[in-house]
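Look at the structure first, then read the points by topic.

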Amino acid sequence: MVRVIGILGGMGPEATILMMSRLLAATPARDDADHIPLLVDSNTQVPSRIAHLIDGTGEDPTPVLVGMAEKLVAGGAGVLAIPCNTAHSYYGAIAGAVPVPVLNMVELTARRVADLHPIGPVGILASPAVEVTGVFADAFAGLGRKVIFPADRGRILSAIRAIKAGRADDALPILHDARAELAEAGACVAVLGCSEFSIVAGRLDGAPLALIDSLDVLVQACVAHAATDDFRSNQGADLAQ
């Protein structure tokens with residue numbers, strides 16, 4: 001039986017649509033009924049994670065995120081996914097509020113990197129907020145790995161804002177420079193740890209460091225999880241950690 005996946009979206013809306021598009025492409029299907037049923041809350045009014053985590057002046061988005069999760073479960077979702085790495089700073093509160101697994105994109109990505117690139121520091125291209133909260137650092141530390149972030153947080157944040165504003169061309173030179181910086185610093189691979197960067201992933205070829213896109217990792221986990229009858233199985237628990 002194919003299970004319903006609930007998506008806590010809108011952070012940002014284009015990244016949410018991208019996840020849905022990648023899910024469609026990744027699902028083996030010959031007809032409509034072969035695709036994964038989705039419940040999507042593309043809530044563009046979630047309080048700014050940047051304002052809360054970096055500026056320290058914004059509203060805490062936790063109650064809104066928890067409310068979204070509860071609404072999706074009430075609507076029939078059997079597993080939840082959050083296509084926003086920064087929102088995983090609130091993962092504990094979200095996962096603790098609902099009786100279904102919540103796929104952890106950050107943890108899943110760390111495991112994928114460990115499988116494909118078992119040695120060396122890992123470069124992270126992500127919002128400065130995840131550097132502040134340590135979600136990637138903690139995930140990789142649990143696997144005995146060190147992470148490296150680009151030095152100029154302001155430039156990375158400006159790249160995110162450019163993509164959100166529809167100016168992806170302005171973000172590309174910043175991401176190319178940051179990727180080269182990570183390679184020079186000794187990273188063995190770079191993680192696209194911001195779903196806004198996933199939007200331009202196809203335009204980042206040619207730089208000196210392999211990329212692993214966290215959104216792709218989440219999509220693959222959703223496809224695997226949707227066909228799993230027992231969401232309480234050990235496999236399901238592993239995917240949701």
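In this predicted model, the largest cavity is lined by Ala126, Ser127, Pro128, Glu131, Phe149, Pro150, Asp152, Arg153 and Ile156. The volume of the largest cavity is about 40 Å³.

**The cavity**

- How many cavities of 30 Å³ or more does the structure hold? There is one cavity of that volume.
- Sorted by class, five residues of the cavity lining are nonpolar, one is polar and three are charged.
- Arg3 is in the segment before β1 and counts as partly exposed, at 24% relative accessibility.

**The two domains**

- The chain is divided into domain 1, which covers 5–104 + 218–237, and domain 2, which covers 106–214.
- In the contact between the domains, 20 residues come from domain 1 and 26 residues from domain 2.
- Taken over C-alpha atoms, the centres of domain 1 and domain 2 are 21 Å apart.

**The largest pocket**

- The largest pocket has a volume of about 260 Å³.
- Of its 17 lining residues, Arg49, Ile50, Thr86, Ile160 and Lys164 are the closest to the centre of the pocket.
- At least two lining residues are supplied by each of α2 (49–55), α8 and α10 (195–199).
- The largest share of the pocket lining comes from α8, with four residues.
- By class, the pocket lining has six nonpolar, seven polar and four charged residues.

- Thr86 is found in the loop between β3 and α4.
- Is Thr86 buried or exposed? Its relative accessibility is 8%, which is under the 20% limit, so Thr86 counts as buried.
- Not counting residues up to four places away in sequence, Thr86 touches Arg49, Leu53, Ser127, Ala129 and Val130.

**The largest nonpolar core**

- In soluble globular proteins, nonpolar side chains tend to be buried together.
- The largest nonpolar core here has 34 residues, and those that touch the most other members are Ile5, Met19, Ile124, Phe136, Phe140 and Cys222.
- Elements that give two or more residues to this core are β1 (5–9), α1 (13–26), β3 (79–81), α5 (105–116), β4 (122–125), α7 (135–141), β6 (189–192) and α11 (214–226).
- Which element gives the largest share of this core? The answer is α11, with seven residues.
- Domain 1 and domain 2 each give this core at least three residues.
- Leaving aside neighbours within four places in sequence, Phe136 is in contact with Asn85, Val106, Ile124, Val130, Val147, Val191 and Gly193.
- Ile124, one of these contacts of Phe136, is also among the core residues that touch the most other members.

**His88**

- His88 is in the loop between β3 and α4 (91–97).
- The relative accessible area of His88 is 5%, so His88 is buried.
- Apart from neighbours within four places in sequence, His88 is in contact with Ile82, Leu103, Asn104, Met105, Val106 and Val135.
- Val106 is in the contact list of His88 and also in that of Phe136.

**Two glycines in loops**

- Gly12 is in the loop between β1 and α1.
- The peptide bond from Met11 to Gly12 is cis, and its omega is near -5°.
- Gly78 is in the loop between α3 (62–74) and β3.
- With a relative accessible area of 17%, Gly78 is buried.
- The C-alpha atoms of Gly78 and Lys146 are separated by 34 Å, and the two residues are 68 residues apart along the chain.

Conventions. Residues numbered from 1 in each chain as written. Predicted model: local features only at pLDDT ≥ 70, side-chain atom pairs only at ≥ 80, totals over all residues. Heavy atoms only, no water. 1 Å grid on protein atoms, 1.4 Å probe; cavity = no way out; pocket = protein on both sides within 12 Å on 5 of 7 lines; lining within 4 Å. Points joined across faces, edges and corners; volume = space filled by probe spheres on them. Nonpolar A, V, L, I, M, F, W, Y, C, P; charged D, E, K, R; others polar. Core = buried A, V, L, I, M, F, W, Y, C linked by side-chain atoms within 4.5 Å. Buried < 20%, exposed > 50% of the residue type's maximum accessible area, 1.4 Å probe, protein only. Domains from an automatic or database assignment. Contact = heavy atoms within 4.5 Å.
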